[in-house]
Amino acid sequence: MSTELRLHGQINKQIEYFATAAGCRTAHHHFFQAVDQNLRFFAPGSEIILSPTGIQQTGTGGTFCEYMFGVDQPVSDLSKEGIFNRLILLGAGYNQTGQLEINEQNHSEQSYKDVFLKGHAINNYFFFISGLKQPTHRQIQEKILRCLGRILKRTANLNRRDDSNLAELLLAQLPENCTIYLVRLSQTNHHHFQKEFQTLYYRNRSISKNTHAALQGLADNLGLDPYQQERICVDVMYQHRDNYQIIDDYKKVLVECYQQGDINRQQHARLTRLKALAMRNEIPSSLLEALDKKLKAQVKSTAQEPEYTAIARDILHDLLLRQGISHKDTIQLLFAKQQARRNHDHSFEKLLLETGQLFDEQIRDGAQLSLLEDFSTIITLFDRYDSTSTNISQIAFMESYCPTEELLQNLLTSRQEFNNLVRGLFDKLFFVDIIHNHYLGRFGRQKLVCLRKGLEEVAAGIVTVKRLAAELKVIDAREKLYGIVLNHAKDHIRTRYSRYNTHSEQDELYAELNDELLIRGIINKPLDPQLFQTVIHDIKKEALYLRQLLPEIIANNNIALRHDFFANSGLDHFYIEELEREYFTLNQLSLEHLRKLRAGAI
């Protein structure tokens with residue numbers, strides 16, 4: 001007859017206990033005893049005593065718990081597939097050669113602080129077995145290890161199992177007439193913090209500054225030390241369904257590397273791809289770093305290639321193995337292509353060529369044509385990326401470049417193609433980087449802002465392509481006029497000794513320029529005063545740089561002063577560099593010195 005008894009209570013304000021006795025005997029209904037402030041669970045030869053401050057265990061069995069992610073699991077367990085739990089038997093330990101040995105030691109004492117620090121932060125199990133007939137303690141423990149070791153180490157989701165179900169599962173592994181006694185200790189403050197953090201993190205898969213401050217306040221009120229707080233947070237983040245699949249794949253590759261002692265090129269590519277995927281999925285970097293510290297630090301890396309090439313190599317390798325290609329893979333390839341183009345890396349194109357040749361060979365050997373179709377789709381998308389990137393760069397950086405309506409329509413089609421993969425992809429691929437390019441001039445920036453907004457509005461049916469083309473032409477015309485006014489103003493100042501410091505001097509210069517440009521037919525209405533003032537301000541800043549700042553920068557190698565002017569002057573970087581080149585040439589200074597200044601190598 002199989003029976004089960006369960007007891008639940010509170011040891012102190014922070015520690016709960018859940019006790020279960022299960023087996024094919026009736027005698028175990030006398031399995032606990034309250035003595036003063038202590039609670040004793042017992043069977044012939046074994047006992048667990050819970051005091052207000054700690055736990056004592058004597059006899060058979062030991063303790064087990066679920067590994068928390070990253071920070072606790074030893075390398076010996078981390079490097080094996082399917083190990084989820086920590087198991088410590090009374091009297092068991094590793095000798096100097098790393099072999100497990102069991103001695104006659106059958107007693108253990110721990111404070112609750114140590115239980116939840118060395119084991120799991122929330123739940124820890126203690127157990128003992130009665131009914132085993134082996135003559136010595138060591139032989140009983142060896143029998144328990146043979147019967148329960150594998151299942152205790154490899155039972156997944158231990159903390160989500162019902163204690164009754166767990167006791168039944170373990171009891172089924174033991175000989176007949178055995179009884180198992182389980183005592184689960186739960187840290188209520190830690191559990192409360194875990195649930196609160198899980199609720200807040202799972203809501204948006206991130207923690208804002210305000211939320212972080214609130215959680216810190218909760219941790220302080222509950223008395224959590226920083227280490228326990230970090231363990232709980234990392235473990236909760238790992239358990240999220242969008243995180244653990246990528247992390248587990250990363251771990252599997254690291255385990256392979258650990259077992260072979262090095263990281264080959266294909267494995268490096270795989271790890272790099274998973275890291276990039278984790279970043280794009282906003283998976284906290286701390287989760288992968290925890291694995292790197294445990295496993296990656298133990299192995300040697302081979303010669304590494306750029307991250308973007310490694311990612312592309314791994315995706316194309318999967319495609320070569322006929323695993324198909326997902327939207328996520330395609331997006332990663334596009335960002336890899338973007339990085340290669342940014343770095344002018346021709347090895348990326350070489351990788352595509354080599355892959356195409358391998359695909360051709362597989363097709364000749366009988367592979368399905370769908371393999372070639374998938375690769376052709378990638379190449380077509382890369383061609384679209386190249387043409388789109390070239391067109392947008394021309395709009396941004398080339399003066400007097402006005403895109404036709406046909407070209408804008410092509411950009412609109414490209415926008416739809418890329419955004420079909422994921423919303424906002426077009427913007428990330430073609431605008432985010434270029435907007436922050438130091439060499440993007442003020443008018444180029446205006447064109448990009450206009451183009452970005454215009455394509456959105458055309459797609460939404462608010463404006464037409466014709467209207468967008470006209471707006472870009474207006475900016476282009478303003479850019480041309482600025483250049484003309486700047487050159488004429490500088491020419492007047494240089495050849496006619498015109499002054500421009502006082503308001504009256506500026507009014508005189510404005511009148512001269514206005515008359516000259518009207519007479520020549522360059523403008524057909526009075527010169528815009530605001531445009532004139534912009535030109536004057538730029539000439540003043542240019543004069544300040546050439547007469548005061550640049551000589552000091554050259555004399556003292558003051559790179560910081562140069563960077564400060566670039567950052568705050570508002571002048572185009574390319575224009576300032578042209579002024580510097582002219583200054584060095586005019587004053588017969590070393591252009592090598594200029595190169596070192598620009599590179600910050602002085």
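This report walks through the pockets, strands and salt bridges of a predicted model.

## The largest pocket

Let's start with the largest pocket, which has a volume of about 700 Å³. Its lining is made of 23 residues, and those nearest the centre are Glu399, Glu479, Asp572, Phe574 and Tyr575. By class, the lining holds 10 nonpolar, 4 polar and 9 charged residues.

Which helices each supply at least two residues of this lining? They are H14 (369-397), H18 (442-459), H19 (465-495) and H23 (573-586). H19 provides the largest share, with 7 residues.

Two or more lining residues come from each of helix H7 (226-239) and helix H8 (241-260).

H8 gives the most to this lining, with 4 residues. Sorted by class, the lining of the second largest pocket consists of 10 nonpolar, 7 polar and 8 charged residues.

Now for the strands. Strands of a sheet pair through backbone hydrogen bonds, either parallel or antiparallel.

Is strand S7 (residues 62-66) mostly covered or mostly exposed? It is mostly covered, with 5 of its 5 residues buried. In a regular strand the side chains alternate between the two faces of the sheet. In S7, Gly62, Phe64 and Glu66 point one way, while Thr63 and Cys65 point the other way, and all of these residues are buried.

S7 pairs in the antiparallel sense with S8 (residues 85-89) over 5 bridges. Here Cys65 stands opposite Arg86 of S8. S7 also pairs with S12 (residues 123-130), again in the antiparallel sense, over 3 bridges. In that pairing Phe64 stands opposite Tyr125 of S12.

## Salt bridges between helices

Side chains of opposite charge can pair when their charged atoms come close. The structure holds 24 salt bridges. One of them joins the side chains of Arg442 and Asp538, at 2.9 Å from N to O. This pair links distant parts of the chain, with Arg442 in helix H18 and Asp538 in helix H21 (residues 529-556), 96 residues apart. Arg442 has a relative accessibility of 22%, so it counts as partly exposed. Asp538, in contrast, is buried because its relative accessible area is 3%, and the cut-off for buried is under 20%.

A second salt bridge connects Asp476 with Lys447, and their closest N and O atoms are 3.5 Å apart. It too links distant parts of the chain: Asp476 belongs to H19 and Lys447 to H18, 29 residues apart. Are these two partners buried or exposed? Both Asp476 and Lys447 are buried.

Arg494 counts as exposed because its relative accessible area is 53%, and exposed means over 50%. Asp491 has a relative accessibility of 31%, so this residue is partly exposed.

Finally, some salt bridges share partners, and in this way Lys337, Arg341, Glu349 and Asp386 are joined into one network.

Conventions: Residues are numbered from 1 along each chain as its sequence is written. This is a predicted model: local features need pLDDT of at least 70, side-chain atom pairs count only at pLDDT 80 or more; totals for chains, interfaces and linings use all residues. Side-chain values use heavy atoms; hydrogens and water are left out. On a 1 Å grid over the protein atoms alone, a cavity is a set of points where a 1.4 Å probe fits but cannot get out, and a pocket is an open set with protein on both sides within 12 Å along at least five of seven lines; lining residues have an atom within 4 Å of a point. Grid points are joined across faces, edges and corners, and a volume is the space filled by probe spheres set on the points. Ala, Val, Leu, Ile, Met, Phe, Trp, Tyr, Cys and Pro count as nonpolar, Asp, Glu, Lys and Arg as charged, and the others, Gly among them, as polar. Buried means under 20% relative accessible area, exposed over 50%, partly exposed in between (1.4 Å probe, protein chains only). Two strands pair if DSSP finds at least two bridges between them. A salt bridge is a side-chain nitrogen of Lys or Arg within 4 Å of a carboxyl oxygen of Asp or Glu.
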